[in-house]
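Q: Could you walk me through how to read a few features of a protein model? I would like the general idea, then the case at hand.

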Amino acid sequence: MKCCRCAAEAEQRKTNHIVDMDNCIVIVRRVPSYVCPSCGEVMYAAPVAKQLERYVQAARAAMSELSVINYQELSA
């Protein structure tokens, strides 16, 4: 995957996705990602991005102050 910011070739890695919304922080750990070695931009494949949206919305519905989700455990 090419970086959308600088066009360098991104590398596959696991990253943490953090969302700060209203009174809740959601952390999704070990997310399959593409990271640009040149500028550090983090990108997700479309199915991963859709799954992240579902996890964040579910955490928001639970409305705790902090939610930590392990992507690999829920996506297995």
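Q: Is R30 buried, exposed or partly exposed, and at what relative accessibility?
A: Buried means under 20% relative accessible area and exposed over 50%, with partly exposed in between (1.4 Å probe, protein chains only). R30 has 34% relative accessibility, so R30 counts as partly exposed. Before we go on: this is a predicted model, in which local features need pLDDT of at least 70 and side-chain atom pairs count only at pLDDT 80 or more, while totals for chains, interfaces and linings use all residues. Residues are numbered from 1 along each chain as its sequence is written, and side-chain values use heavy atoms, with hydrogens and water left out.

Q: What is the phi of R30?
A: Most residues other than glycine have a negative phi. R30 is not a glycine, yet its phi is positive, about 55°. R30 sits in strand β2; strands are DSSP runs of E with at least two residues, helices are runs of H or I with at least four, and both are numbered from the N terminus.

Q: In what order do the elements run?
A: Starting at the N terminus, the order is β-β-β-α-β-α, which gives two helices and four strands.

Q: Which residues make up the largest nonpolar core?
A: A nonpolar core is a set of buried Ala, Val, Leu, Ile, Met, Phe, Trp, Tyr and Cys residues joined through side-chain atoms within 4.5 Å. Here the largest one has twelve residues: M21, C24, V26, V28, V31, V48, L52, Y55, V56, A59, I69 and Y71. Both β2 (24-35) and α1 (46-62) supply at least two residues of this core, and the largest share, five residues, comes from α1. A second, separate core has six residues, among them A8, A10, Y34 and M43.

Q: What does M21 contact beyond its neighbours within four places in sequence?
A: Contact means heavy atoms within 4.5 Å. By that test, M21 is in contact with V26, V56 and R60, once neighbours within four places are left aside.

Q: And which residues does Q51 touch, not counting those up to four places away?
A: Q51, in helix α1, touches Y71 and S75 on that count.
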